[in-house]
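The sequence and the model are shown first.

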Amino acid sequence: MLKDELPSIKTDLPGPKAKAIIERRLDAIPDAIACIYPCVIKRGEGAIFEDVDGNIFLDWVAGVGVLNIGYSNPEVVKAVCAQAQDYFHAMPNIVTHEGYIALAEKLNKIVPTKEQKRRTMFVNSGAEAIENAVKIARGATGRPNIIVFSGAFHGRTLLAATMTAKKAYYHGLGPMPDGIYRADYPYMYRAPKGFSQEEAINYYIDRLKALFEEASLPTDVAAIVAEPVQGEGGFIPAPKEWVKAVRRICDVNGILFIADEVQSGFGRSGKMFVSNYWQEWGCPPDIVTMAKSIAGGIPLGAVTAGETIFSNVVKGTIGGTFGGNALACAAALKVIETLESQNIPVKAKRNSEKVFSIIKEWQKTIYQIGDIRGIGCMMGIEFIKKDKSPNPLLVKEIINNAMKKGLIIEVAGSYGNVIRILFPLVITEAQIDRGLEIFKSSIDEAVKNDRA
Ligand SMILES: Cc1ncc(COP(=O)(O)O)c(C=O)c1O
């Protein structure tokens with residue numbers, strides 16, 4: 001079966017059939033939708049996809065964290081087909097469909113927000129989930145402002161893009177919405193020189209508090225929004241003591257704490273959500289946004305929050321035509337059931353420990369591997385020059401080398417010098433081993449040419 005295969009490249013990339021489709025792509029869709037991979041998918045299973053020329057790729061990007069249970073999980077396919085036989089769509093503002101309710105009930109049980117009695121609403125994407133979380137926080141608090149962080153990525157709609165740190169995502173598209181203020185995210189690998197862990201966390205907390213003097217009174221702040229492991233920003237986990245301190249700041253000032261788990265959710269971290277760790281540490285968020293892996297590849301986003309938070313949101317101000325679509329809800333219920341019944345988060349943790357320790361070994365002889373970090377199977381490897389400055393050219397070459405051998409990996413980080421590992425959590429042992437072999441040889445080849 002395709003899901004058990006190992007990567008194998010039989011043609012130049014792109015192959016002739018892929019090349020023809022990519023040429024049509026270049027003619028038919030805007031160049032602004034970027035793509036660097038010369039791959040045209042024909043079918044996918046597990047962590048593997050076959051392209052239209054018969055090349056087999058091992059996918060360690062998986063739709064940037066969409067395919068935690070892999071391509072075409074047969075149980076999810078069955079659930080979606082069964083739903084499709086009855087109806088595709090029932091707009092929740094007009095007709096109630098039970099899948100929407102069942103999925104909300106399930107998320108209300110498993111999403112660890114501070115308030116125990118929860119409610120959930122559905123949208124179609126991560127950016128929409130974030131937009132709605134902001135609206136809900138403003139509605140609940142009656143306050144206008146939102147605090148976000150350096151390195152953040154929250155999506156490409158106008159508000160989500162404004163909350164995103166990298167200007168390249170909205171260059172030339174302004175004016176952007178008002179009321180968004182940015183503090184420094186605790187990027188511990190690049191904390192001020194000479195600081196201990198504790199001093200660095202205090203520094204980042206002071207930087208956050210400075211916003212209350214320099215940008216917005218705390219009484220005007222509705223929410224602080226953080227990715228528990230920053231994705232696009234370089235796979236940087238928020239340290240425990242920092243999360244605790246932010247929770248305290250929120251509690252003291254009546255600010256809501258929003259965890260953007262769009263990329264980190266649904267088993268990737270070794271638990272269903274990174275917020276489960278936060279809960280264990282005594283600092284759960286108030287609102288959680290989700291999307292990506294929630295429905296195994298069918299568009300769906302969700303916002304879960306405490307009942308009292310939702311109770312102040314005015315009727316009719318949230319919702320939409322497709323949010324909580326019946327096919328997506330059927331898929332999501334099966335995805336969550338599969339993650340739970342097959343203990344996939346625990347397997348993810350085991351796999352991450354193996355990969356982490358192997359790359360740690362590589363680090364002993366390859367100085368360009370500056371840092372390896374993450375939580376569970378959300379791992380980032382930061383590549384540097386001798387002086388610790390970012391090495392984005394090396395990363396470009398590694399990604400290119402790996403792709404030619406059939407391993408798809410992706411860049412992250414504000415400086416483009418991090419490689420992120422996001423393989424489907426159902427990956428086989430043999431695919432992890434083969435992927436690591438390809439990754440290592442791709443690094444070795446790139447390092448040989450590296451003069452930095
Ligand atoms: C943390 C985070 N939030 C929001 C988004 C936006 O999600 P979408 O692309 O579904 O709008 C992403 C996408 O990468 C993300 O990683």
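## Basis

The structure is a predicted model, in which local features need pLDDT of at least 70, side-chain atom pairs count only at pLDDT 80 or more, and totals for chains, interfaces and linings use all residues. Residues are numbered from 1 along each chain as its sequence is written, and side-chain values use heavy atoms, with hydrogens and water left out.

## Domains and their interface

Two domains make up the division of the chain: domain 1 (2-72 + 343-448) and domain 2 (75-341). Their bounds come from an automatic or database domain assignment. Taken over C-alpha atoms, the centres of domain 1 and domain 2 are separated by 26 Å.

In terms of contact (heavy atoms within 4.5 Å), 41 residues of domain 1 meet 36 residues of domain 2. The two domains bury about 3000 Å² between them, 57% of it on carbon and sulfur atoms. Buried area here is the accessible area (1.4 Å probe) that two parts lose on being put together, summed over both. On the domain 1 side, I69, I375 and M378 lose the most area to domain 2, together 24% of what that side buries.

## Nonpolar core

A nonpolar core is a set of buried Ala, Val, Leu, Ile, Met, Phe, Trp, Tyr and Cys residues joined through side-chain atoms within 4.5 Å. Buried means under 20% relative accessible area, exposed over 50%, and partly exposed in between (1.4 Å probe, protein chains only). The largest such core has 140 residues, and L107, I224, W242, I287, F383 and F439 have the most contacts inside it. Helix α11 (residues 326-341) gives the most to this core, with eight residues. Each of domain 1 and domain 2 supplies at least three residues to this core. Helices (H or I, at least four residues) and strands (E, at least two) are DSSP runs, numbered from the N terminus.

Beyond neighbours within four places in sequence, F383 is in contact with residues including I369, L394, I398, F439 and I443.

## Aromatic rings

Rings of Phe, Tyr and Trp (its six-membered ring) pair if their centres lie within 6.5 Å; planes under 30 degrees apart count as stacked, over 60 as edge-to-face and the rest as tilted. The count by this rule is 13 aromatic pairs. The Y100 and F122 ring centres are 4.7 Å apart with planes at 85°, so this pair is edge-to-face. It links helix α4 (residues 98-110), which holds Y100, to strand β4 (residues 118-123), which holds F122, 22 residues apart. Y100 is buried at a relative accessible area of 16%, and F122 is buried at 1%.

Y185 and W242 have ring centres 5.6 Å apart and planes at 55°, so this pair is tilted. Y185 lies in the loop between β6 (180-183) and α7 (197-214), and W242 lies in helix α8 (residues 240-253), 57 residues apart. Y185 is buried at 3%, and W242 is buried at 0% relative accessibility. Elsewhere, F49, F57 and Y71 form one aromatic cluster.

A charge sits over a ring if NZ of Lys or CZ of Arg is within 6 Å of the ring centre and within 35 degrees of the ring normal. K271 lies over the face of Y277 at 5.2 Å from the ring centre, and K388 lies over the face of Y189 at 4.3 Å.

## An exposed residue

Q197 lies in helix α7 and counts as exposed at 52% relative accessibility. Leaving out residues up to four places away in sequence, Q197 touches M188 and P239. Q197 and P239 are 42 residues apart in sequence and 9.4 Å apart in space, C-alpha to C-alpha.
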